[in-house]
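Welcome, and please open your viewer. We will go through the model one selection at a time, and I will tell you what to look for at each stop.

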Amino acid sequence: MQEKLKAIVNEALEKMKSAEKLDSLNDIKVAYLGKKGELTEILKSMKEVAPEDRPKVGQMVNDARTVLEEKLEEARQGFVQKIKEEQIKRETIDVTLPARKKFMGHRHPNNIALEEVERIFVGMGYEVVEGPEIEYDYYNFEALNIPANHPAKDEQDTFYVNSNLLLRTQTSPVQVRVMEQGNLPIRMIAPGRVFRSDEVDATHSPCFNQIEGLVIDKNITFADLKGTLAEFAKQLFGEETKVKFRPHHFPFTEPSAEVDVTCFKCGGKGCRFCKGSGWIEILGCGMVHPNVLKMSGIDPDEYTGFAFGVGLERITLLKYEIDDMRLLYENDIRFLKQF
Ligand code: DAH
């Protein structure tokens, strides 16, 4: 019996030595000490042992059990320790490694220019409002004095969702939406995206940004318009900047004008930027047409106003001396990083 026990213990110890993982130890425990384990089987067969030998044999089995339990515990601790060491090794941080650089994003040049324009007008008491990019034909054309079949609709062709809905071609419809609300007086600017059926080139894009301006109050005159835009140009391009109003035509303003500023680069002498003329065109404007006021429910005999529309990209390109509009839309980080 002693021999048999010794053999069992040795076999178990042998298996423990070659165990490769914690689970294998468990299997060994079950195989030798479990309910159907080899040592347990021996205890069960005690009835075949002579009664006087039973205490001795019982003692031997128990000793063997204790040895196995101790060895198993030892082996388990060994595994736990090894696992812990491996984990620590895996999780160590090498504090001597160079840190990974964090790249901070920043505002797009268009947004930097827009914030500058907003700052100037908010400083003059204007509110910044927004309108929808998908617009009704009524707001984009009709209510701006551009009836069906007006040639201006041809110049501003766009994507039509259906015969009433389109991608707005200008921010001017926001004028109508604000006037319709009837809260007078009005002093607002409305920046946003507009869409036209244009081919992409250095100065055109089918999607670009405008900033609309509108002032409606009693006794607003063309002098207010001139003073406002002259101040705007000075704040944007420098104190020396002069403005020039050239007569023009827009269906929703009368009279209308296009505004040029003295070239910020050469101061008006003529250079590459102003194509030698000394002047750079920056916006369209005029006195709001009485028809437009009437259609929006404002009495043109009581109220007058002026409006203007600025191309944001134009301002951005001028301010940052960028000579191709496509650069603004390519999202090339090497370009954008410069502003
Ligand atoms: N909406 C015009 C355009 O896209 C720009 C414009 C001109 C807006 C004169 C105005 C304005 O408000 O008074 O060409």
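Helices (H or I, at least four residues) and strands (E, at least two) are DSSP runs here, numbered from the N terminus. This is a predicted model, in which local features need pLDDT of at least 70 and side-chain atom pairs count only at pLDDT 80 or more, while totals for chains, interfaces and linings use all residues. Residues are numbered from 1 along each chain as its sequence is written.

**Stop 1: the two domains**

Colour residues 2–91 as domain 1 and residues 109–336 as domain 2; these bounds come from an automatic or database domain assignment. Their C-alpha centres are 89 Å apart.

**Stop 2**

Select helix α1 (residues 2–18) and helix α4 (residues 54–91), whose axes come within 10 Å and cross at roughly 5 degrees. Axes are lines fitted to C-alpha atoms, for helices over the stretch in contact, and angles run from 0 to 180 degrees between N-to-C directions. The two helices, α1 and α4, are therefore roughly parallel to each other. For such labels, angles under 35 degrees count as roughly parallel, over 145 as roughly antiparallel, 65 to 115 as roughly perpendicular and the rest as oblique.

Now show side chains: Leu-5, Ile-8 and Val-9 are among the α1 residues in the contact, and α4 contributes residues including Met-60, Val-61 and Ala-64. Two residues are in contact if their C-beta atoms, placed from the backbone, lie within 7 Å. By class, this contact of α1 with α4 has 13 nonpolar residues, one polar and one charged. Ala, Val, Leu, Ile, Met, Phe, Trp, Tyr, Cys and Pro count as nonpolar, Asp, Glu, Lys and Arg as charged, and the others, Gly among them, as polar.

**Stop 3: a crossing pair**

Next, pick helix α5 (residues 109–123) and helix α11 (residues 312–319): their axes come within 9 Å and cross at roughly 100 degrees. That makes α5 roughly perpendicular to α11. Pro-109, Asn-110, Ala-113, Leu-114 and Val-117 of α5 meet Leu-312, Glu-313, Ile-315, Thr-316 and Lys-319 of α11. Six nonpolar, two polar and two charged residues make up this contact of α5 with α11.

**Stop 4: around the ligand**

Which residues are around the ligand? Select Gln-170, Ser-172, Glu-212, Phe-250, Thr-253, Gly-284, Cys-285, Gly-286, Ala-307, Phe-308 and Gly-309, each with its C-beta atom, placed from the backbone, within 6 Å of the molecule. Strands β8 (279–288) and β9 (304–311) each give two or more residues to this shell. The shell has four nonpolar, six polar and one charged residues.

**Stop 5: backbone details**

Zoom in on Pro-185, in the loop between α8 (173–181) and β4 (186–195). The peptide bond from Leu-184 to Pro-185 is cis, with omega near -5 degrees. Finish at Asn-219, in the loop between β5 (207–217) and α9 (222–237). Phi of Asn-219 is near 60 degrees, a positive value in a residue other than glycine.
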